[in-house]
Amino acid sequence: MDREKAKEYLKSMLPQYLKKRGILPSGYFNCLNPAHRDPRPMMSFNPKDNTVHCFGCGATYDIFGVLGLDYGLNSYAEQFNRACELFLPEQAIQPPQIRAAGIRQLGSRSQPEKAVDYSAYLRECARRVTQTDYFRDIGISADIIQKYNLGMDPEFKGANGDTFPAVIIPHGIYGFLAINLEEPEDSAFRLYYGRDSLFNPLIPENAEKIFITFTELEALALLELGAPVIALGNSSNISELITVMSQMPRNRICYLTDSEDPDWRGLYDIIKNELAALNIKCEVLNLAYPWQNVAEYLTRDREDFAARLGHLDKIIHAAGKRLPEILHFDPITDEESFLEPSFLPGIYAVCCSPAVRRRLTAVWVTHADPEAMRYIYVSGERDWELLGQHIYESSRLLSEKYSLQFPKIELFALRDGLAPEEAARQILNLLLARCLKNETENTILINAGSHQGAPQRWNWYLALMNELSQSIAALKTAVVIFFRKEEEELAAEIGNQVLTISSPLDPEADPGDEEADSAQATVATRENSGEPVSFEIRLE
């Protein structure tokens, strides 16, 4: 019988096996997970995918996982063989048929698959790896190629008899992955042969964090930069992954590297729940942001990728200062209003008074979606306190809790003597801390109204924005930088678009003006044609 057909048939035997154990698949029963000691029946059988799932601890097993628990079998190969002995005792499971030029046929149709030794074939493929530039083109060095015995088969013969050039990635000596070089982007041309197993399951004892990828190419990209990584390969290896992780120290943290592969994303929760049952901390990390995956990141910007891995802990744990609790405040009597911004990536320079800046920022923050848009506010401590008072007052008028605004905005406090390059790096780390956790709707607000002397300010902010502008386009982030009202010339040096705001709230406004209480502001800018444009907004 063909191996894949055998797998499907064996999976369908789970309800029959449960009945032999005295378990009725039609109802709830005690969890089979030995680590889950709750006596209440919380596990049930799912006929759609032939698995059992516990709603208490989250454990999910197919027939192979259940047999592994019952017979103490850790590897998938042992579980598969035991299932064959129970349900297919008279059947011979066919090994994969592999032919290559100058290499003898591996395996035999007349022999049941236990463990086929592909070592001779893999050695021959490794000898021929110089016949392809595939690994070199994706950034893999000769040291990694040699260490992991990567190879090349110029006349690989697939199961359907087609012959094509393929690169070979071994999974030990009992299995390997072949990638068709003629159409490498198609997942149908990723062909597994031999025993299902993890790629690179041996992690150094001193590794404090472990990356888990779906594909072998992503794992090779991380190995190229010295990161400890395991590749799952396919969903059938989850049980082996959990077994490997259970034998490691519990103080390690695991990162599931995000990618665009929908099959991989569908396994996140399963793996996280299984590791949580082992008290192993696990996070999904969009490590390659803004690229599609880590393999692409390595080829696009190797130095930046290496720098991100080297500073990963600092980036992930970067945090700004939250708004403080306001215990006492002076009442604000301005008319209630709102304004909800929606900026495209770029740099927007706004010239206005400090009062307008704080009120405009407060309107944006109080009306932002707490589950989406968030702000990073770059300013001084005193301005931060005044902004907090405006936000608190706006929240009170809207019958909301002030504390609900906390997640929407964080402070990056500017300090005297801080170099613009260092300030830019710290701001970007705070931004990346959010982006890597898939919190990608962020806007950076910068108060350039008061920082150092006038000539130094000009040069300092030009240097800061020069550093930021190199990254914000790739990170798809908008920056709004506020200047004093009279600094349109400096604003034009920095902003993609310059907006000047005039308001009765400005200090130079005539206190006798009848419209001064309206809090109505006029914004002047230019459209793409260069023609002047103005529009009105209302500020709280």
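Author: Asp-133 counts as partly exposed, at 40% relative accessibility. Buried means under 20% relative accessible area, exposed over 50%, and partly exposed in between (1.4 Å probe, protein chains only). This is a predicted model, in which local features need pLDDT of at least 70, side-chain atom pairs count only at pLDDT 80 or more, and totals for chains, interfaces and linings use all residues. Residues are numbered from 1 along each chain as its sequence is written, and side-chain values use heavy atoms, with hydrogens and water left out.

Reader: With which residue does the side chain of Asp-133 meet in a salt bridge?

Author: A salt bridge is a side-chain nitrogen of Lys or Arg within 4 Å of a carboxyl oxygen of Asp or Glu. Side chains of opposite charge can pair when their charged atoms come close. For Asp-133 the N to O distance is 3.3 Å. The partner counts as exposed, at 56% relative accessibility, and is Arg-136.

Reader: Are Arg-434 and Glu-410 buried or exposed?

Author: The side chains of Arg-434 and Glu-410 meet in a salt bridge, 2.6 Å from N to O. This pair links distant parts of the chain, 24 residues apart, with Arg-434 in helix H17 and Glu-410 in strand S17 (residues 409-413). The relative accessibility of Arg-434 is 5% and the relative accessible area of Glu-410 is 8%, so Arg-434 and Glu-410 are both buried.

Reader: How many salt bridges does the structure hold?

Author: Some of the charged residues are linked in a network of salt bridges, namely Glu-124, Arg-127 and Arg-128. For the structure, the number of salt bridges is 16.

Reader: How many disulfides does the structure hold?

Author: A disulfide is a covalent bond between the sulfur atoms of two cysteines, and the criterion here is a pair of cysteine sulfur atoms within 2.5 Å. Cys-282 is in no disulfide, as the nearest cysteine sulfur, that of Cys-254, is 5.6 Å away. Cys-282 is buried at 12% relative accessibility, and Cys-84 is buried with a relative accessible area of 9%. The number of disulfides is 0.

Reader: Which peptide bond is cis?

Author: Most residues other than glycine have a negative phi, and most peptide bonds are trans. Pro-290 is placed in the loop between strand S13 (281-285) and helix H12 (294-300). With omega near 10 degrees, the cis bond is the one from Tyr-289 to Pro-290.

Reader: What is the relative accessible area of Asn-438?

Author: Asn-438 has a positive phi of about 65 degrees, although it is not a glycine. Asn-438 lies in the loop between helix H17 (420-435) and strand S18 (442-447). Asn-438 is partly exposed, with a relative accessible area of 43%.

Reader: Near what value is the phi of Asn-200?

Author: Asn-200 is placed in the loop between strand S9 (190-194) and strand S10 (209-213). Asn-200 is buried, with a relative accessible area of 15%. The phi of Asn-200 is positive, in a residue other than glycine, and is near 60 degrees.

How values were computed
Helix = DSSP H or I, 4+ residues; strand = E, 2+ residues; numbered from the N terminus.
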